[in-house]
Amino acid sequence: MNAIMTPPPRSTDAQPCVHLQGIHKFYGSVHALRNVDLTIKRGEVCVAIGPSGSGKSTLLRCINQLEEISAGKVYVLGELAGYAEIDGRMHVLAPRRIAEQRRRTGMVFQRFNLFPHMTAIENIMEGPVHVKNTPKATARENAQALLKRVGLADLAGRYPSQLSGGQQQRVAIARALAMEPEVMLFDEPTSALDPELVGEVLDVIKDLASSGMTMMLVTHEIGFAREVANHLVFMDQGAVVEEGDPRAVLNRPSNPRTRAFLSKVL
Amino acid sequence: MDIEKAPPDRLVPARQADRDGAVKLNEVVPRRHPGRWLATILLLWLAFSFAQNVATNENFHWDIFAQYVFAPQVIRGVGWTILLTIVAMAVAISIALLLVVMRGSDNPILRTCAWFWIWFFRGTPVYTQLLFWGLFAVLFPRISLSLPFGSEIVGLDTRMLVTPAVAAIVGLGFNESAYLAEIFRAGFNAIDRGQLEAAQALGMRQGRIWRRILLPQAMRVIVPPTGNETIGMLKMTSLVLAVPFTLDLMFATNAIANRLYLPVPLLLVAGFWYLSITSLLMVGQYYLERHFGRGVDTIRARTE
């Protein structure tokens with residue numbers, strides 16, 4: 001019982017922010033993730049690349065429990081995600097506890113997923129006001145500051161339908177940051193954008209990376225990966241094929257599958 | 001100008017550029033519609049002659065209509081009909097929301113209960129249901145909670161609880177809840193799955209997600225058919241005769257008609273009031289649709 005009752009431990013610098021241990025994921029008979037081990041240290045920018053269907057998005061979604069894993073363990077900030085391990089068995093946590101665990105990570109989606117019935121600033125205030133019970137005035141001030149940070153201070157009162165894709169994605173990033181997460185997850189944040197709008201979103205992410213935020217990014221922007229990542233993961237057919245320093249992996253890939261993929265996209 | 005209220009660039013009227021003199025707009029000659037004018041004249045003529053005939057036709061007994069349209073028992077009937085409609089719809093909406101959440105739940109007991117409720121109340125005629133609610137006090141004279149094979153803990157006389165008004169409201173509300181539940185389900189199904197995931201990723205709890213994120217978005221789809229159902233309910237209240245509940249508009253006008261042996265003017269009275277209330281409901285629906293369309297209906301599609 002003790003494992004359930006204790007408050008979530010605060011992560012320390014020595015502890016990895018995200019630690020995945022032997023993750024498998026099956027969709028019916030499809031083996032989407034095959035024995036994935038991954039450790040993301042505090043302040044690290046981990047970028048996952050690989051062909052479509054290689055399982056990188058699935059892996060990312062396992063970290064904040066949008067996907068249920070079939071085998072293995074996910075530790076986020078030192079805490080076992082989704083389960084309490086008692087006598088070697090995995091007891092499913094109450095939905096309330098899972099919601100609490102998710103608050104420590106922020107997520108940005110490929111298709112933005114802003115709440116269409118709320119203005120930009122209301123989208124950003126939603127989490128603080130209705131999850132953390134922050135007073136509205138404080139939340140509004142913070143949201144305005146976040147909008148300024150992503151370069152959208154003038155557009156607070158617009159609805160998502162009145163914003164461009166790039167602007168929507170920047171609001172979505174601000175919405176995730178408003179919860180003051182310790183880890184940020186980006187699921188192909190620029191894949192749904194017009195080419196001319198990709199830059200503005202990448203700039204925000206770059207700025208976030210240089211501020212020391214721990215993050216994991218799934219992307220097809222190899223150039224961007226080279227620039228901001230300090231930990232590169234190459235995935236293929238549900239497995240991590242190669243990982244390490246981005247320059248090393250991108251310039252001198254040791255695995256033939258990595259080489260084949262990079263030769264097509266670079 | 002207040003920044004938050006500023007219209008987006010693409011919504012700035014095109015004529016702005018024209019006024020600045022920067023762009024010379026095309027001179028557009030709208031299409032002519034002579035057929036529409038012809039049809040208008042024809043229909044106006046038909047409508048006028050029909051109205052004239054009805055107004056002067058003695059069979060309609062307009063003097064009786066005028067005498068009874070604001071009669072106290074008719075006005076009381078209008079009041080009861082509106083009250084029945086509103087309370088029965090409130091009951092139906094509350095239950096339907098509960099049913100939708102239950103059907104979407106991962107708890108199999110809740111799912112099954114909701115399924116049976118909808119199956120039963122949608123599958124039997126509302127008239128029959130109203131008859132049964134009227135007979136409820138006869139079938140179950142006393143409702144009590146007691147230990148198995150033991151003595152009664154609390155109990156009360158059913159006639160005190162299920163009065164004709166309560167029977168009417170419960171009968172109409174329960175029946176309607178089954179239909180509304182299906183409408184609501186369609187509304188929630190129309191929401192993109194990403195909305196749920198985005199709310200979950202923020203760490204919102206299930207109840208909050210339903211209330212803050214899913215319900216407001218579903219409302220946009222739910223309101224028009226629910227307005228439809230409300231108008232249907234207004235007219236369905238005339239069935240409470242089955243309970244029997246005898247204070248509603250239809251019963252009041254029928255009673256007068258039977259006394260006078262003049263059904264037509266009293267049917268006109270009832271029709272006049274039903275139409276008036278429906279018109280009022282439509283105004284309310286317009287404002288509801290406008291409210292829940294925010295963020296989506298800001299850019300209107302070209303309509304020609």
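What follows is a walk through salt bridges, a loop residue and a pair of helices.

This is a predicted model, in which local features need pLDDT of at least 70 and side-chain atom pairs count only at pLDDT 80 or more, while totals for chains, interfaces and linings use all residues. Residues are numbered from 1 along each chain as its sequence is written, chains are lettered from A and ligands numbered from 1 in the order in which they are written, and side-chain values use heavy atoms, with hydrogens and water left out.

A:Lys73 lies in strand β4 (residues 71-76) of chain A and A:Glu85 in strand β6 (residues 83-86) of chain A, so the pair ties together parts that are 12 residues apart in sequence; helices (H or I, at least four residues) and strands (E, at least two) are DSSP runs, numbered from the N terminus. A:Glu85 is partly exposed, at 34% relative accessible area, where buried means under 20%, exposed over 50% and partly exposed in between (1.4 Å probe, protein chains only).

Staying in chain A, select A:Arg42, A:Glu79, A:Arg96, A:Arg97, A:Glu100, A:Arg104 and A:Glu182 together, which are linked in a network of salt bridges.

Next, move to A:Ser254, in the loop between α9 (246-251) and α10 (256-265) of chain A, where this serine is exposed at 55% relative accessibility. Leaving aside neighbours within four places in sequence, A:Ser254 is in contact (heavy atoms within 4.5 Å) with A:Glu242 and A:Arg259.

In chain B, select B:Glu182 and B:Arg185, a salt bridge whose closest N and O atoms are 3.0 Å apart. These two residues are three residues apart in helix α8 (residues 164-189) of chain B, and are therefore separated by about one helical turn.

Finally, display helix α9 (residues 193-201) and helix α10 (residues 206-236) of chain B, whose axes come within 10 Å and cross at roughly 145°; axes are lines fitted to C-alpha atoms, for helices over the stretch in contact, and angles run from 0 to 180 degrees between N-to-C directions. The residues making this contact are B:Gln195, B:Leu196, B:Ala199 and B:Gln200 of α9(B), together with B:Gln206, B:Ile209, B:Ile213 and B:Gln217 of α10(B).

Conventions: A salt bridge is a side-chain nitrogen of Lys or Arg within 4 Å of a carboxyl oxygen of Asp or Glu.
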